[in-house]
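Open the structure in your viewer and keep the selection panel at hand. The tour moves from one selection to the next.

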Amino acid sequence: MTNRVLLGASVAWSALATAAAADVTPEEVWSGMQSAINAAYGGYTAASEERSGDTLTITDLKVSQTDSDTSFTFVVPSMALSDNGDGTVTVTTSPEYDGQMSVTDEGEKLDIDLYIRQIGATMIVSGTADDMTTTYNAESVAVGLDEMLINGKKMDDAMFELSFNGMSGTTDLRPDAMEQAYDVENIQLDLGLTDPETGEKVKVEGLFDTIAFTSKSEGENAAMQDFHRMAEAGGTMSFDVTTGSNTVNASGTADGSPFAVSLRSSGSSMSSNANADGLTYDSLARDVQAVVQVNAFPQPIELQIAEYSVNAASPILPSEEPAPVALGFALRDFTMSDALWDIFDPAKVLPRIPATIALGLEGDAILKAPLFDPAQSARIETMFEEGNPPVTLDNLSLTELEITAAGAMITGTGDMMFDNTDLETFDGFPRPEGQIALRAVGLNGLLDNLGQMGILPPEQLMGPRMMLSMFTVVEAQDTLTSTIEIKEGGQILANGQRIR
């Protein structure tokens with residue numbers, strides 16, 4: 001729910017900073033702004049539009065957007081578009097304007113009054129009718145909370161502000177295309193909440209340094225409101241975000257006990273691309289550190305991750321032809337403090353080496369229904385409920401598998417094809433055909449250590465060891481391999497021996 005609040009509030013500022021890039025006279029700038037607002041929000045109202053000298057002034061500009069469970073409105077008291085006499089137009093808005101947002105989620109209603117505040121902001125529009133640029137600079141742009149109500153009850157201690165400091169960038173607007181590039185020196189987050197029922201409090205402070213944002217879209221403006229319409233109209237959308245060091249500190253009380261959490265990273269990145277060929281997403285965080293302090297532990301719990309990444313790919317438009325899909329995540333070189341290790345391994349039996357979990361899947365799938373069309377959401381939900389999912393796999397490759405922890409490592413790769421006409425061989429699941437190759441190093445040593453720790457008593461170790469002997473082949477000292485094959489008729493083989 002909080003994410004929706006942030007998104008809705010940020011839309012208020014970006015609507016002006018991006019829509020204003022229209023042309024070189026005040027009237028043409030305003031005309032272009034109207035077109036952009038109509039495309040993005042479906043309309044607007046204004047109390048007056050008056051030209052005096054070289055300045056066109058718009059008063060009480062109101063923009064709204066509503067969907068099934070969210071509504072958002074913001075009002076700009078005054079906006080002046082001044083002809084500079086050199087082919088450019090300066091756009092000056094009220095230094096502060098208000099917004100309202102309402103969200104309904106599972107019977108809970110959240111009403112928020114927001115403010116958008118600009119300090120030292122300048123916006124200049126230049127260019128030609130077919131290639132226009134808005135140059136924007138601001139000492140600070142802040143989105144903050146004036147009032148919040150939950151189910152009609154005011155949250156007296158609620159506090160929120162997100163400040164973009166040292167902001168500069170450009171928006172290039174051409175017919176059916178827009179490109180943005182913005183840099184922000186830092187973003188500051190301040191959040192405070194009190195549970196009205198328990199009185200428990202939480203406070204969050206964040207600082208994100210050196211943000212760079214770029215985006216590009218091509219296609220019909222009206223089709224840019226959702227991925228499905230955009231791709232169907234032949235449009236494209238993409239964005240890239242990078243940050244420098246990030247810090248988030250949270251503190252408060254939970255279940256009557258105080259807590260404190262500190263999160264840090266040396267940098268992060270996020271990118272996405274969407275067009276008729278599909279949707280891709282990639283994110284990465286580096287050198288993540290977490291320190292947790294709670295009453296249950298006498299010492300702070302420290303966690304570190306060298307790299308955390310997520311990637312995904314999916315088709316957008318339905319087709320009878322397979323389209324690329326992908327899903328992956330990686331948590332590399334995870335370590336934790338001895339205080340946490342000592343809880344379950346006080347004798348230091350297990351090697352306390354960095355742990356890694358990584359999974360990479362790539363393949364092709366057939367999208368049978370418009371998964372990203374908001375108008376079809378009820379139909380998509382029904383298809384899942386009826387056991388007829390809108391997506392069927394054609395083939396899938398295991399491009400990466402690594403599990404490294406406590407002195408053992410498992411790796412693997414594999415490829416599978418799927419026969420979606422055969423749902424009987426594997427009890428309703430499309431019949432796979434292919435193989436997976438696995439390799440394990442140090443697994444027997446890990447079992448020995450678990451037995452020494454008492455987690456697996458000696459009499460229970462026989463079962464896992466027998467399973468390993470049945471499904472693996474010894475390659476070297478405490479190094480095992482296994483090849484699992486699924487044949488055309490549904491037979492399953494482990495290292496050439498049929499097990500099904």
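Start with a pair of helices. Select Leu443, Asn444, Leu447, Asp448 and Gly451 in α6, then Leu461, Pro464, Arg465 and Leu468 in α7: these two groups meet, contact being heavy atoms within 4.5 Å. The residues of this contact are five nonpolar, two polar and two charged.

This is a predicted model, in which local features need pLDDT of at least 70, side-chain atom pairs count only at pLDDT 80 or more, and totals for chains, interfaces and linings use all residues. Residues are numbered from 1 along each chain as its sequence is written, and side-chain values use heavy atoms, with hydrogens and water left out.

Now show the whole of α6 (residues 443-453) and α7 (residues 458-471): they pack at an angle of about 175°, with axes 11 Å apart. The two helices are therefore roughly antiparallel, a label for angles over 145 degrees.

Next, select Asn395 in strand β22 (residues 391-405). Is Asn395 buried or exposed? At 15% relative accessibility, Asn395 counts as buried (under 20% relative accessible area, with a 1.4 Å probe and protein chains only). The Asn395 side chain makes polar contacts with the side chains of Asp364, at 3.0 Å, and Asp394, at 2.9 Å. A polar contact is a pair of N or O atoms within 3.5 Å, one able to donate a hydrogen and the other to accept it within protein; residues adjacent in sequence count only if both atoms are side-chain atoms.

Finally, colour by pLDDT, the predictor's confidence in each residue from 0 to 100. The protein chain averages 89, and 94% of the residues score at least 70. Over residues 1-15, the pLDDT is below 50.

Definitions and conventions:
Axes fitted to C-alpha atoms, helices over the stretch in contact; angles between N-to-C directions. Helix = DSSP H or I, 4+ residues; strand = E, 2+ residues; numbered from the N terminus. Parallel < 35°, antiparallel > 145°, perpendicular 65-115°, else oblique. Nonpolar A, V, L, I, M, F, W, Y, C, P; charged D, E, K, R; others polar. Buried < 20%, exposed > 50% of the residue type's maximum accessible area, 1.4 Å probe, protein only.
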